[in-house]
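Please open the model in a viewer and keep the sequence at hand.

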Amino acid sequence: MFKHPLVNLWFFLGFSLSLLMSTTYSGWGIHFLILLIIGWINKKQVSKVLPRLKPFILYFPIMLILYTIFSLFLTGNPLNIILNEAVFGFIKLILMVGAMSFFIEFTPSQDIVVVARSIWAKTGKSWKWMENFFLFLGITLRFYPTFQNNWQAVRNSRKALGLENDLSHWEQVKTAAKEMPGLLIHQLRRADDVAMAMKLRGYGKQFPRGVMHPIPFNGDHVLQIVVITFIYWGIHSIASL
């Protein structure tokens with residue numbers, strides 16, 4: 001979509017918030033049309049986005065049954081209203097997940113941190129807690145995919161050895177609960193090693209830190225954000241007619 005990561009974030013986050021505040025099917029239809037246009041423009045990413053929606057679609061009947069049962073017992077609403085609310089909420093959820101999945105495919109997480117650091121570096125503020133916050137975000141975004149890959153490798157190894165063929169879902173959960181602490185401790189030790197390396201390289205002696213490859217943010221990007229905001233405001237005005 002947009003080349004600048006912050007503008008891209010504003011567009012997709014605005015899409016999700018606008019959809020969340022929509023209360024009519026006309027508003028849902030407009031957002032659905034926008035998502036179709038996004039998918040048509042970025043056809044290569046559709047094959048990566050659809051698998052993210054599959055779990056929600058598969059478990060929707062179970063969620064619908066549970067929601068209907070609890071609503072019938074806890075509220076006095078008739079069945080048609082309950083089903084309408086459930087379906088409308090499910091549609092919103094699918095569109096929000098789809099939109100944010102496109103955002104994840106378009107924008108690397110580290111770019112958002114780099115943009116924030118680039119803007120903060122221009123202020124010249126020597127706030128240590130802010131630098132620590134950026135560092136926390138950067139390390140978290142770096143280690144989470146590693147943790148996910150390690151966990152997937154363990155699961156694939158167990159499947160290759162045939163250790164999970166006869167296990168029920170509950171037994172798989174208990175197995176995961178036993179293996180998860182070891183993986184978390186491994187990641188914590190790696191984080192300690194990174195922290196020690198950063199201290200040895202002089203982290204904490206000068207604030208604000210410089211940005212090796214800063215991402216510029218100027219008036220053109222502000223204008224794009226303003227235009228996006230007015231577009232979503234116009235969508236709500238049209239949907240409420």
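Which residues in α1 meet D111, I112, V115 and I119 in α5? They are P5, L6 and L9, where contact means heavy atoms within 4.5 Å. This is a predicted model, in which local features need pLDDT of at least 70, side-chain atom pairs count only at pLDDT 80 or more, and totals for chains, interfaces and linings use all residues. Residues are numbered from 1 along each chain as its sequence is written, and side-chain values use heavy atoms, with hydrogens and water left out.

Next, select helix α5, residues 109-123, together with α1. Their axes lie 9 Å apart at an angle of about 115 degrees; axes are lines fitted to C-alpha atoms over the stretch in contact, and angles run from 0 to 180 degrees between N-to-C directions. Helices are DSSP runs (H or I, at least four residues), numbered from the N terminus.

Now select F12 and F103. The structure holds 5 aromatic pairs, meaning rings of Phe, Tyr and Trp (its six-membered ring) with centres within 6.5 Å. The ring centres of F12 and F103 are 6.0 Å apart and the planes stand at 50 degrees, so this pair is tilted; planes under 30 degrees apart count as stacked, over 60 as edge-to-face and the rest as tilted. F12 belongs to helix α1 (residues 5-21) and F103 to helix α4 (residues 79-106), 91 residues apart. Both F12 and F103 are buried, that is, under 20% relative accessible area (1.4 Å probe, protein chains only).

Finally, select T68 in helix α3, residues 43-74. T68 has 12% relative accessibility and therefore counts as buried.

Notes
Helix = DSSP H or I, 4+ residues; strand = E, 2+ residues; numbered from the N terminus. Buried < 20%, exposed > 50% of the residue type's maximum accessible area, 1.4 Å probe, protein only.
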